Amino acid sequence: MSKSLGNGVDPLEVIDQYGADALRFMLTTGITPGNDMRFKTDKLESSRNFANKLWNASRFVIMNLQDENGEFRAMADDSQGIGKMALKDEDKWILSRVNDAVREATSNMEKFELSLAAQKAYELIWNEYCDWYIELVKARLYGDDEEDKKVARYVLVRALKDMLKLLHPFMPFITEEIWSFLPKNKKTEENPEGFLIRESWPVYDDALTFKAEVKKLELAMEAIRSIRNIRAEAEAAPSRKLHAVILSSGKDLEDIKGGERYIRSLANIADIDFIADKSQVPEEVMSAVIGNVEIYIPLDELLDYKAEYERLQKEKNRLSGEVERVRGKLANEGFVNKAPEKVISEEREKLARYEDMLVKISERLALVEKKI
């Protein structure tokens with residue numbers, strides 16, 4: 001920014017448009033010690049979107065904590081220690097991820113690596129809590145098992161509170177506001193009003209390291225991502241139920257089986273066949289590999305062959321038209337004699353590319369036609 005250039009930014013105007021928290025977060029995550037930074041509006045928008053994501057996730061949690069009268073529903077009791085609670089694998093996973101983030105962010109803050117500490121809080125909240133844990137726990141919150149609901153509520157609140165503490169130095173206003181709607185901790189002399197700003201910083205706890213459950217959940221998540229990618233590549237609707245075949249062995253097979261209910265729910269899989277021999281894999285499939293785990297989705301499950309035939313036919317007609325157009329251009333002596341060599345070379349490359357694509361589309365069309 002320069003006064004002579006007149007390109008200064010008024011922070012009060014930015015705050016009016018994006019909020020003070022978004023501005024603070026953008027400034028703290030965009031810095032490295034000793035270097036200048038560029039002021040970018042898209043980073044401000046990203047910070048504001050993050051604040052909205054946190055707000056909406058917190059609203060979901062609070063809605064599921066309160067009954068029709070606005071009173072807090074019962075939560076699991078941790079007075080006997082967290083090891084005595086009936087935690088599910090996804091509960092242990094998120095508690096372990098929050099615990100790891102506490103350790104890393106604490107180390108960053110002690111070294112004055114503010115940008116890294118803020119980034120840890122961002123990734124934990126957006127990628128793990130909002131995108132995964134809330135989705136994994138929804139079915140339990142809407143289920144009939146009251147004891148399990150109490151556990152789910154407890155973990156949702158505990159994880160959210162620790163994440164708000166990690167984020168509070170960077171986004172103090174929204175975190176304090178959300179904190180005011182959550183169940184209060186026991187009052188202390190240091191914090192009689194129960195404000196977040198006067199709470200203790202979270203502390204890493206070895207008891208919250210659940211390595212086996214973390215490995216199981218992260219393998220299931222990789223499988224879900226892979227199946228979603230396959231679905232997207234095949235242009236299969238997210239609502240379409242699929243059948244999956246999973247090939248693995250040993251401990252990896254046990255881990256992927258342990259994540260079966262997550263894969264069924266979040267990847268919209270109706271049936272899963274676990275196999276140990278590649279000869280059992282169906283012939284026509286789309287596949288993905290995650291370490292020692294191979295995932296196969298039969299094409300019959302993915303494709304609506306009639307719709308695919310129509311799509312391929314349109315693509316074939318389009319490519320045929322392009323091939324004819326470029327051939328005509330190159331057959332025109334006036335164009336070939338007058339155009340620069342570079343332009344002619346580009347047109348020849350286009351023709352070769354279109355012809356290659358046309359051959360592949362025609363082959364694919366013949367295969368799909370047999371399925372109709």
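Modeller: Helices α2 and α5 are oblique to each other, because their axes cross at roughly 120° (under 35 degrees is roughly parallel, over 145 roughly antiparallel, 65 to 115 roughly perpendicular, the rest oblique). The axes of α2 (residues 20–29) and α5 (residues 114–141) come within 8 Å (lines fitted to C-alpha atoms over the stretch in contact, with angles from 0 to 180 degrees between N-to-C directions; helices are DSSP runs of H or I, at least four residues, numbered from the N terminus). This is a predicted model, where local features need pLDDT of at least 70, side-chain atom pairs need 80 or more, and totals for chains, interfaces and linings use all residues. Residues are numbered from 1 along each chain as its sequence is written, and side-chain values use heavy atoms, without hydrogens or water.

On the α2 side, Phe-25, Thr-28 and Thr-29 meet Leu-114, Ser-115, Ala-118 and Tyr-122 of α5 (contact: heavy atoms within 4.5 Å). That contact has 4 nonpolar, 3 polar and no charged residues (Ala, Val, Leu, Ile, Met, Phe, Trp, Tyr, Cys and Pro are nonpolar; Asp, Glu, Lys and Arg charged; the others, Gly among them, polar).

α2 also turns up in the second largest pocket, where α1 (11–18) and α2 each supply at least two lining residues (a pocket is an open set of 1 Å grid points where a 1.4 Å probe fits, with protein on both sides within 12 Å along at least five of seven lines; lining residues have an atom within 4 Å of a point). Its lining includes Leu-23, Leu-27, Met-37 and Phe-39, and divides into 8 nonpolar, 1 polar and 1 charged. The space there is about 240 Å³ (the volume filled by probe spheres set on the points, which are joined across faces, edges and corners).

The largest pocket has about 730 Å³ and 30 lining residues, with Lys-161, Asp-162, Lys-165, Asn-185 and Glu-199 nearest its centre. α6 gives the most to that lining, 7 residues. By class, the lining has 12 nonpolar, 6 polar and 12 charged residues.
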